[in-house]
Amino acid sequence: MDMMPLEYRAWLGVRTRYLTRVRAMMDGVISSSFSSKGILSIFIIGIVLVHAFPGVVLVMTPHTRLTAWMLVGEGFFGWTYLTSGVFSTFIFLLSAGITSNLISQDLRNRSFVIYFSRPLGVTEYLIGKFGGTFVVMSAFCTLPVLVNGIMIMATQTGPDYISSVRILLLTLVAGSFASLLFIPYGMMLSSLTKRKAYAGIGTFMTYFSLTLVGEFFSASDPNWKLLNPMNVLHYSFELIYGLGLPTDISPDLYVLALIILLVPTTIITGIRVKRYEGAV
Amino acid sequence: MEPVVIKTKGLRVTYDQLVALDSLSLSLPRGIIGLLGPNGAGKSTLIKVLIGLKKPVGGSVSVKGMVPWEQTLYLRDHVGYMPEYDCLIDEMNPVTLVSHFGRISGMEKGDTVWRAHEVLDFVGLGEERYRNIGTYSTGMKQKVKLAQAIVHDPPILFLDEPTEGMDPLGKEEMLKLIKRVGKTGKTVVVSSHQLHEIERTAEHIVILDRGKLLMEGPLKKILHGEEKNIRSIVIGEPDRLEPFRKYLKDTYQVFSSKIIGNELNVSMKWEDTGNHFFSMAVDHGLQVKEYRPHIRSLEDAFFLTFREGK
Ligand SMILES: Nc1ncnc2c1ncn2[C@@H]1O[C@H](COP(=O)(O)OP(=O)(O)OP(=O)(O)O)[C@@H](O)[C@H]1O
Ligand SMILES: [Mg+2]
């Protein structure tokens, strides 16, 4: 194939504002997540197993309004929705799946330099990666719960719409919290290894082992339950919906567990990526 | 005189103890600028300083009037960078990669896809652009690296060893692309070890060695030299040629000399008249067969300056 050499052509568009670059980073994460077969499968199976069934049951059950109890309590026939182990397990799986490639990809390909030689700082890079993951997680943790909530409201027989709307708003908060809680740890592991598999399996196995260890020791002291990230999530749901912490759990230790999940992980990720900013 | 686009003064850059650039002062105009020097000369380091990836410990820098480590983000809207080593994301195809990085460089989402295709057409990537970069040869990757550097149409480009790892045809193609981009009024800084490549591509030359400036100026001036150079063929008895050659080497600056049979081929610095050269040959019992002013190659200039520098 012999082609006429093409002359270089200019691009005459106008540059976007800097914050738009963060949007571009987020979109990158979102589109690569949804184009990964693995993540997409977890997502779809999760929607069916976690959200579809409780949604149908709650809508079918006679009710006068949407209550917190329907979402986080021991629901009908003794089974639960947001506080079920199935939901948490899918949150673990999904966040491990998305975060595993988030930074390890750039370590593996030495591609930090093509980000950081552009108008993009380490903070914008991290916010973009985090934000993209958060959007995908929200599509799993928040959106379907809101849809279920609205369906329940649509079929409610009582007149108390105000309190139903309040629960809906709390659901937005709870879903967002669930979406972000496990991202920092996954991002941290992803910034520590070039191997996507190590980061993904490592993240999931950490949650899984902590769950086992936490449950094992909780017989001696209930506060051990805080070692189980699933419980941290469930207690947070209960707090957000105004049901309060279980009385045998120390609030200080609960806050400590939250801090451990969010703060050191974020700092380590920041330090790791910062190292690659100029020294490339 | 062309306006200065890139200016450094007394630039000093270190990596811990190691001094990578030392008291470097440059004034570079628009056009294609060849950045030459042996391994470890500081070429890549200079480029990193100019785009604000590395902060110097001393001296001043201005790129299009901006200080790279102060107006970093703003400056980077105006630069494109092709790093020297592999940095592409293997799991992406070039269309996705180039449009993604176009957006990060400030392009509207709607613009990026057609623009990605446009620059991929320009660098000469065909249908393979829908394949993941992980399956690419080095030459193809170099093209994608160039494409991601020009997608947002920056007025200043930094290409760090763009022909590295390519076969001769690929190199030729890459140099043509660079020339075509250079013709559009951009400033294109191209680093290389390959003197002959730079000689055919660049308009302005910077030669570095161990962090210091060896030579800088318009290519034409460097090739012609500040002074006169000649190339001459002198004939005569072989046993007379050798002493003459030794005499020339001892007395003048000789770039190269070779005796084949009864011919001495010499290229040297000569500021005197032709007559003087002819009579000198006659004094040694020899004849001048050919005498002409010599345009040296960049390689001559390079090695000469290099020897003087040491
Ligand atoms: N990240 C780094 N850490 C420590 N030293 C470095 C680093 N990068 C470069 N150097 C040193 O700085 C000096 C200049 O390196 P630089 O990479 O700029 O040279 P170069 O001219 O690009 O060489 P090459 O032709 O091999 O690419 C070298 O001595 C090198 O060892
Ligand atoms: Mg280099």
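Analyst: Buried means under 20% relative accessible area, exposed over 50% and partly exposed in between, with a 1.4 Å probe and protein chains only. The model is predicted: local features need pLDDT of at least 70, side-chain atom pairs need 80 or more, and totals for chains, interfaces and linings use all residues. Residues count from 1 along each chain as written, chains are lettered from A and ligands numbered from 1 in written order, and side-chain values use heavy atoms, without hydrogens or water.

Start at the ion. B:S44 (OG) and B:E84 (OE) coordinate the magnesium ion (ligand 2), at 1.9 to 2.6 Å. B:S44 sits in helix α1 (residues 43-50) of chain B, while B:E84 lies in the loop between β5 (79-82) and α3 (94-104), so the pair ties together parts 40 residues apart in sequence. Donors are N, O and S atoms within 2.8 Å of the metal (3.2 Å for Na, K and Ca); water is absent, so sites may look incomplete. B:S44 is buried, at 12% relative accessible area. B:E84 is partly exposed, at 31%.

Strand β5 of chain B leads on to the largest cavity. β5(B) gives the most to that lining, with 3 residues. Helix α5 (138-150) of chain B also supplies at least two. The volume is about 50 Å³.

Terms used:
Helix = DSSP H or I, 4+ residues; strand = E, 2+ residues; numbered from the N terminus. 1 Å grid on protein atoms, 1.4 Å probe; cavity = no way out; pocket = protein on both sides within 12 Å on 5 of 7 lines; lining within 4 Å. Points joined across faces, edges and corners; volume = space filled by probe spheres on them.
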